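Q: Please go through this structure and say what lies behind each label used for it.

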Amino acid sequence: MDLPSDRDASGRSFGPEELARVAAVLASGSLTATAGAQTPELEADFAALLGVRHVVACSSGTAAVHAAIAAVDPDPGDEIITTSITDMGAIAPILYQGAIPVFADVEPTTGNVTAATVEAALSDRTKAIIVTHLFGLPAEVDAITALADARGIAVIEDCAQAYLAERGGRKVGTFGAVNAFSLQQGKHITTGEGGLVAGDDDHFARRARLFVNKGWPYGESGPDHEFLAINSRISELQAAVANAQLEKLAAGVAQRIAMADRLTEQLADVPGIETPPVPAGDRHVYWKYCLRVDPEVIPGGPPAIADELKLGGIASAPRYIQKPAFRCAVIRDQVTFGSSHWPFDLARPEALDYDESRFPGTFDMLDRVLVLPFNERYEEQHVDHLAKAIRASVESVAGGRP
Ligand SMILES: *Cc1c(COP(=O)(O)O)cnc(C)c1O
């Protein structure tokens with residue numbers, strides 16, 4: 001059986017709705033967001049869906065994170081706390097804006113930063129905290145926001161993997177002052193590439209809007225290029241697809257949750273495997289479905305299971321990312337602007353201490369996680385096939401041990 005894949009039509013949800021909107025944009029002749037109707041509609045509808053005052057559409061999730069950081073406007077050498085288990089697109093913008101990424105450790109069972117790990121990473125130079133809701137499971141963003149508010153530090157939520165996830169009954173993307181979503185090919189909804197910045201803060205939202213528009217305040221009187229900024233606008237063609245996708249988001253998320261719950265039930269008694277923990281009151285939206293594999297019970301751990309699954313044509317990902325961000329060349333070797341190492345040369349030495357002993361949760365998480373393929377087109381037969389394959393793989397690797 002072939003599982004639906006988010007790399008092609010089998011695992012994505014495109015139809016006549018997207019086509020009709022794209023055709024209408026082409027017929028209008030206005031393909032730029034500065035002149036069209038699709039982008040304002042997307043921004044208004046996503047703001048209403050989340051329940052926030054402002055949304056700014058842009059060209060990618062990376063651009064959304066970048067605009068959020070530019071909105072907060074760090075001074076060179078200011079610190080931004082984040083996670084090392086994330087997409088590099090969530091970290092590179094910190095450096096482009098002259099700030100220092102300071103990595104908080106994560107909870108090994110979820111891969112998320114916690115209030116405690118964030119608190120341990122605070123310094124008098126902390127300007128902002130990026131809270132990533134990894135795989136669609138909300139981080140402790142309520143506690144982290146409380147901690148940040150008390151110190152006048154901005155919170156930026158990275159919701160690229162967490163559309164409609166909820167912490168304590170409240171949607172993620174409404175806790176932070178300025179928050180980022182991605183519309184990239186593999187996310188819950190997609191335009192191929194695209195992003196959204198969302199939040200209630202008037203000042204940050206205006207800065208984010210200007211940042212994706214070369215610093216130019218469209219529609220205001222006496223405009224000027226107010227500060228250093230780039231063009232990372234979305235196009236009307238992408239916004240058209242995003243509008244159609246947005247109408248399918250709630251159903252897609254509901255299907256992901258229903259199928260994930262079914263998978264969790266079927267894997268409950270498999271030895272050596274932990275299914276995703278979901279605290280009461282929280283809503284996990286399963287961008288991916290991850291297992292935690294105990295190598296004491298299953299010799300070889302996640303890679304051994306992945307090899308077995310591959311024999312049956314199922315592509316899973318041990319480690320999710322090969323290594324924490326601070327082990328990647330760009331950060332490890334400070335490969336930034338010419339030979340300057342800027343802005344790393346401005347950092348406190350402790351902020352650049354990436355010794356393994358400081359990240360026990362991070363390394364434990366990467367060693368034990370197995371990311372299964374997953375999307376909103378999974379149906380019962382796919383989940384049942386996947387569960388059966390996992391059970392068989394565990395039995396095969398563990399050599400029939402109970
Ligand atoms: C995908 C992703 C990004 C980057 O989004 P792009 O649209 O690929 O630029 C940032 N953060 C996280 C957590 C992501 O999953």
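Q: Which residues of α12 are called buried, and what makes them so?
A: H382, V383, L386, A387, A389, I390, S393, V394 and V397 of α12 are buried. Buried means under 20% relative accessible area, exposed means over 50%, and partly exposed is in between, with a 1.4 Å probe and protein chains only. Seen down the axis of α12, these residues fall within an arc of 165°, so they line one face of the helix. The arc is that of the directions from the helix axis to the C-beta atoms. The model is predicted: local features need pLDDT of at least 70 and side-chain atom pairs count only at pLDDT 80 or more, while totals for chains, interfaces and linings use all residues. Residues are numbered from 1 along each chain as its sequence is written, and side-chain values use heavy atoms, with hydrogens and water left out.

Q: What covers the buried residues of α12?
A: The cover includes α8 (236-267), β10 (273-274), β11 (289-293), α9 (301-311) and β13 (369-372). Helices (H or I, at least four residues) and strands (E, at least two) are DSSP runs, numbered from the N terminus.

Q: How do you know that the span of α12 agrees with its number of residues?
A: The expected span of a helix is 1.5 Å times one less than its number of residues. Helix α12 (residues 380-397) has 18 residues and should therefore span 26 Å; its end C-alpha atoms are 26 Å apart, which agrees. After α12 comes G399, whose phi is positive, near 60°.

Q: What makes β10 and β12 edge strands?
A: The open sheet has four strands in the order β10-β11-β13-β12, with antiparallel pairing. β10 and β12 (317-318) each pair on one side only, and are the edge strands. Two strands pair if DSSP finds at least two bridges between them. Two bridges join the antiparallel β10 and β11, and E274 has R292 in β11 as its bridge partner.

Q: Against which strands do the buried residues of α11 pack?
A: They pack against β11 and β13. The buried residues of helix α11 (residues 360-368) are G361, T362, F363, M365 and L366.

Q: Why is A258 called partly exposed?
A: A258 is found in helix α8. Its relative accessible area is 38%, so the label is partly exposed.

Q: Why is G215 called buried?
A: The relative accessible area of G215 is 0%, so it is called buried. G215 lies in the loop between α7 (202-211) and α8. Leaving aside neighbours within four places in sequence, G215 is in contact with L210, D224, H225, E226, F227 and A229. G215 and F227 are twelve residues apart along the chain, and their C-alpha atoms are separated by 5.4 Å.

Q: What makes strand β2 largely enclosed by the rest of the structure?
A: Five of the five residues of β2 (residues 79-83) are buried, so the strand is largely enclosed. Both faces are covered: E79, I81 and T83 lie on one side, I80 and T82 on the other, and all are buried. β2 runs parallel to strand β3 (residues 100-104), joined by five bridges, and parallel to strand β4 (residues 126-132), joined by three bridges. I80 stands opposite P101 in β3, and its bridge partner in β4 is A128.

Q: How many residues of β9 are buried, and with which strands does β9 pair?
A: Five of the five residues of β9 (residues 195-199) are buried. G195, V197 and G199 point one way and L196 and A198 the other way. Five bridges join β9 to the antiparallel strand β1 (residues 54-58), and four bridges join β9 to strand β8 (residues 179-182), also in the antiparallel sense.

Conventions. Contact means heavy atoms within 4.5 Å.
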